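Please work through the following exercises with the sequence and the 3D structure at hand. Each task is followed by a solution in steps.

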Amino acid sequence: MIGGGFGGLAGSASADAVHRGIGLLPAVERVAVITVREARTGCTEDFAGYGVPCEIGHYSVQGEQCEYVDGAIQKRYLRASIPSNSDWDLNIGYEYAQHRTGESSPSTHNLLRWIMRNKDKVVTPSSQEAESPRTHFVCGRYTLATLLRTPFEEDEAWRIAACRHRDIVYMRTIPRKEGVERSLSDIRDPHRHRLSYCGKKFQLLMTTDEAGAAPKENEVVSESDAYNVVLRCQLGSHSIVLGAEVKAVDPSVQCEPGSTAGYVEFRTYGGKFKKKNRYRFYRHVLLRWWAHCRLAGCPKAFCGFRNESGMIFSIEEFDVIRMPEKAAGKWSEDVCMKFCDKLLSFIKRRVEENDGRKAYLFEYVPTSGEVVCTRLTDPGNVYGLPDWFLEAFEGY
């Protein structure tokens, strides 16, 4: 994945590379710095935690051009019977799959398109006076998860662009040059590309396109198709509108409208779950998986353990709430949430202009342990909000 924006889908690697100038940045003006240590030690005991998200909308993405579609046309449902052991070959259908192309528009715009159509659910009208906006932040799940994991992924550098419009801070991940090159290399590598396909194939085998229907074993994989939800979340004092892809919904879970209780996530993992692999799985893989599930309020996840040839040999169900317990002290939910709360407060204070065009860059530098805030002196149309989005709010 090259980056994560306002939507749940990462989008085409080559399209993102062109759109973002291979990670190059315009001139910057240094504004402020906060260290990871400062953010961790500055957390207060009265932190309100992370509440259960509420779904306020959804949309789909489909086709080679990653087209935005209103509604739940790409919604999938968990299959009724889950085999504990399987001999599924995830390579089947690779040659017939609809692979993602490099000509799609940037997926960072998907959530913005939904907001344009649902202004009343996110933005306070200018005619209404209020002491504070209904929403403090808008971002994609990938971006928020990146902040969340930082205390335990201190070697992973990242860049996030932020701008303010109508008192809401919009954030999205900006790929680093080395990350873009690595992602493009993965796409060109036939083995890596096939393993990526295997993950999508596993998702298809675990789901159906209709609740209660039998799985279609020969269903063709379309790598760009996705069902996305829009969530309202509360992390500490911050109200966040979050875009996230939901892989499936469990139709057997009875829940109220807006509930995330039926969400289901999937992942594949290479190698048998032996002792030598467990540390890496619990320390790194489970942390990333937990961050994505927890932020979306997804309570249940399935992991398909596969060999290097793409054959599934076992399937295990994970309770997301118990993932930190399974990590056995290798990372902490409490530290992640408190750190993220502190960092969001830092970002909120530093993003000052309110026109949606002036942009700030927040860059985590592992060698110094600092998150550096810089103001982009000439952000252009890449780092600020697009004109078509800003124009949609004129007079609102």
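The exercises below concern a predicted model and treat a pocket, aromatic pairs, charges over rings and backbone angles.

**Exercise 1.** Describe the second largest pocket by its volume, its lining and the elements that supply the lining.

*Solution.* Begin with the volume: the second largest pocket holds about 230 Å³ of space. Next, consider its lining of 19 residues, of which Q74, R76, L204, E219 and D225 are the closest to the centre. Sorted by class, the lining comprises 7 nonpolar, 3 polar and 9 charged residues. Finally, assign the lining to elements: helix 6 (190-205) and strand 9 (226-235) each contribute at least two residues. The largest share, 3 residues, belongs to helix 6.

**Exercise 2.** Classify the ring pair of W290 and W331, and locate both residues in the chain.

*Solution.* The whole structure contains 18 aromatic pairs. For W290 and W331, the ring centres are 5.0 Å apart and the planes meet at 40°. Stacked pairs have planes under 30 degrees apart and edge-to-face pairs over 60, so an angle between these limits is classed as tilted. The pair of W290 and W331 is therefore tilted. As to location, W290 belongs to helix 7 (residues 275-295), whereas W331 is in the loop between helix 8 (323-326) and helix 9 (333-350). The two residues are 41 residues apart, and their pair links distant parts of the chain. Both W290 and W331 are buried.

**Exercise 3.** Classify the ring pair of W388 and F389, then determine whether each residue is buried, partly exposed or exposed.

*Solution.* The ring centres of W388 and F389 lie 6.5 Å apart, with the planes at 90°, so this pair is edge-to-face. W388 has 33% relative accessibility and therefore counts as partly exposed. F389, by contrast, has a relative accessible area of 0% and is buried.

**Exercise 4.** Where in the chain are R166 and A328, and what is the phi value of each?

*Solution.* R166 is found in the loop between strand 6 (158-165) and strand 7 (168-173). Its phi is near 55°, a positive value in a residue other than glycine. A328 is placed in the loop between helix 8 and helix 9. The phi of A328 is also positive, about 50°, although this residue is not a glycine. With 56% relative accessibility, A328 counts as exposed.

Conventions:
Residues numbered from 1 in each chain as written. Predicted model: local features only at pLDDT ≥ 70, side-chain atom pairs only at ≥ 80, totals over all residues. Heavy atoms only, no water. 1 Å grid on protein atoms, 1.4 Å probe; cavity = no way out; pocket = protein on both sides within 12 Å on 5 of 7 lines; lining within 4 Å. Points joined across faces, edges and corners; volume = space filled by probe spheres on them. Helix = DSSP H or I, 4+ residues; strand = E, 2+ residues; numbered from the N terminus. Nonpolar A, V, L, I, M, F, W, Y, C, P; charged D, E, K, R; others polar. Phe/Tyr/Trp six-rings, centres within 6.5 Å; stacked < 30°, edge-to-face > 60°. Buried < 20%, exposed > 50% of the residue type's maximum accessible area, 1.4 Å probe, protein only.
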